[in-house]
Protein chains: 2
Amino acid sequence: MDRRTSSPASGEALLFLTDEQLRQGIEAMFFAYRGFTADPDRILAEMAYGRAHHRAIHFIGRAPGTTVNNLLNLLGVTKQSLNRVLRTLIADGLVESKVGRMDKRERHLNLTQAGQELEQTLSDAQRARMRAAFRDAGPDAVAGFRTVLEAMMDSEMRASYARLRDSTL
Amino acid sequence: MDRRTSSPASGEALLFLTDEQLRQGIEAMFFAYRGFTADPDRILAEMAYGRAHHRAIHFIGRAPGTTVNNLLNLLGVTKQSLNRVLRTLIADGLVESKVGRMDKRERHLNLTQAGQELEQTLSDAQRARMRAAFRDAGPDAVAGFRTVLEAMMDSEMRASYARLRDSTL
DNA sequence: CAGTTTAAGTCAGTGTTGTTGACACTCCAA
DNA sequence: TTGGAGTGTCAACAACACTGACTTAAACTG
């Protein structure tokens, strides 16, 4: 349809919104996300774990004492899917689940010592790549990167992201 | 370990490389990628297709006449995994496979009319979100976004990305 | 030309991750 | 105290990726 904006006045300024530019952005996301997950995936593959375990460990480490329901919203998966992952993590002694004191329906999740160590190992690997990319790109590019990613989120995810970002800063 | 660089001289300039900043970048990637795939996923769910079909259709549309092997490298999956997807796409009349003229071992893949229509539908949905994010963030942020993503790729993916980007510009 | 390599496709088996459906336990309010 | 809503668990199933072994056909090579 409109390969670029049809308005003559704003045509020049909006060249970064052409379909071609958007397509490049899409492909950049695809290839970059592969790189983003590659290093932790390699580590996890040696254990019996996958990416879902990584995500659970990451967010439990990030928000200690969080409930299952809270984690569910953060991860955007079904309760049952998360539960399978949690069960193995608890059985393997990486996560502990405690019945809530106020509300006994809730379970509060925390990383054990071993869980914290694995979390550290995984995030070290992921941060190393991110750090190299950030350093190569420079602070202005990093600011732009964050701005675009935040604009790309669904509003509920943006809220979760901001909540995590602003906690314990 | 080093929560920020320990060099006093460069300490200020490298604040964007603190572990905290890197963690935010990691979480931004996670949440943004969910948004990135959400719209096409909704469309695909109504058909019998998944994300794997979308990726295949995207790259066949992007590089018409590509071979199976080429697509394999682009997607980074195994032959068996891609084959399952291609088989259904061909059976459903979205993709056609033609024996190579030069090298008859190769199969050249192209989208049919119906395939092109589905590709258009899917990428329209994905582009709409990307366009909104780009517009909100502005051209400088978009440039930074692209720079960081490219730096985050593995070198082979970066090569594939650049090859696609520079073809038929 | 015989032997090797390459491209593609297939079959069988496995693992992770997602789904839905059914169910148990807890809390709270009518 | 009973019924509804909230929280978490278990079981079964589907999608999609993986490995490994194999076949077919064509191309290359000494």
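Reader: What makes the meeting of the side chains of B:R127 and A:D19 a salt bridge?

Author: The distance does it. This is a predicted model, and in it the N to O distance between B:R127 and A:D19 is 3.7 Å. The cut-off is 4 Å between a side-chain nitrogen of Lys or Arg and a carboxyl oxygen of Asp or Glu, so the pair qualifies. Across the interface of chain B and chain A, the rule finds 8 salt bridges.

Reader: Which elements of chain B supply the side that touches chain A?

Author: Those giving two or more residues are α1, α2, α3, α5, α6 and α7 of chain B. The top contributor is α1(B), with 19 residues. Sorted by class, that side of chain B has 32 nonpolar, 12 polar and 15 charged residues.

Reader: How do you know how much area is buried between chain B and chain A?

Author: You take the accessible area that the two parts lose on being put together, summed over both. For chain B and chain A that comes to about 6300 Å², and carbon and sulfur atoms give 73% of it. On the chain B side, B:I26, B:F31 and B:M152 supply 11% of the area buried against chain A, more than any other three residues. In terms of contacts, 59 residues of chain B touch 59 residues of chain A.

Reader: Why are β2(A) and β3(A) called paired strands?

Author: Pairing needs at least two bridges, and 5 bridges join β2(A) to β3(A), so they pair. These two strands run antiparallel.

Reader: Now for the DNA. Why does B:T78 count as a polar contact of DNA strand D?

Author: A polar backbone atom of B:T78 is 2.6 Å from a phosphate oxygen of DNA strand D. The limit for a pair of N or O atoms is 3.5 Å, so B:T78 passes. A:V68 also has a polar backbone atom by a phosphate oxygen of DNA strand D, at 3.3 Å.

Reader: Which residue puts a polar side-chain atom by a base nitrogen of DNA strand D?

Author: That's B:R84, at 2.8 Å.

How values were computed:
Residues are numbered from 1 along each chain as its sequence is written. Chains are lettered from A and ligands numbered from 1 in the order in which they are written. This is a predicted model: local features need pLDDT of at least 70, side-chain atom pairs count only at pLDDT 80 or more; totals for chains, interfaces and linings use all residues. Side-chain values use heavy atoms; hydrogens and water are left out. Contact means heavy atoms within 4.5 Å. Buried area is the accessible area (1.4 Å probe) that two parts lose on being put together, summed over both. Helices (H or I, at least four residues) and strands (E, at least two) are DSSP runs, numbered from the N terminus. Ala, Val, Leu, Ile, Met, Phe, Trp, Tyr, Cys and Pro count as nonpolar, Asp, Glu, Lys and Arg as charged, and the others, Gly among them, as polar. A polar contact is a pair of N or O atoms within 3.5 Å; within protein, one must be able to donate a hydrogen and the other to accept it, and residues adjacent in sequence count only if both atoms are side-chain atoms.
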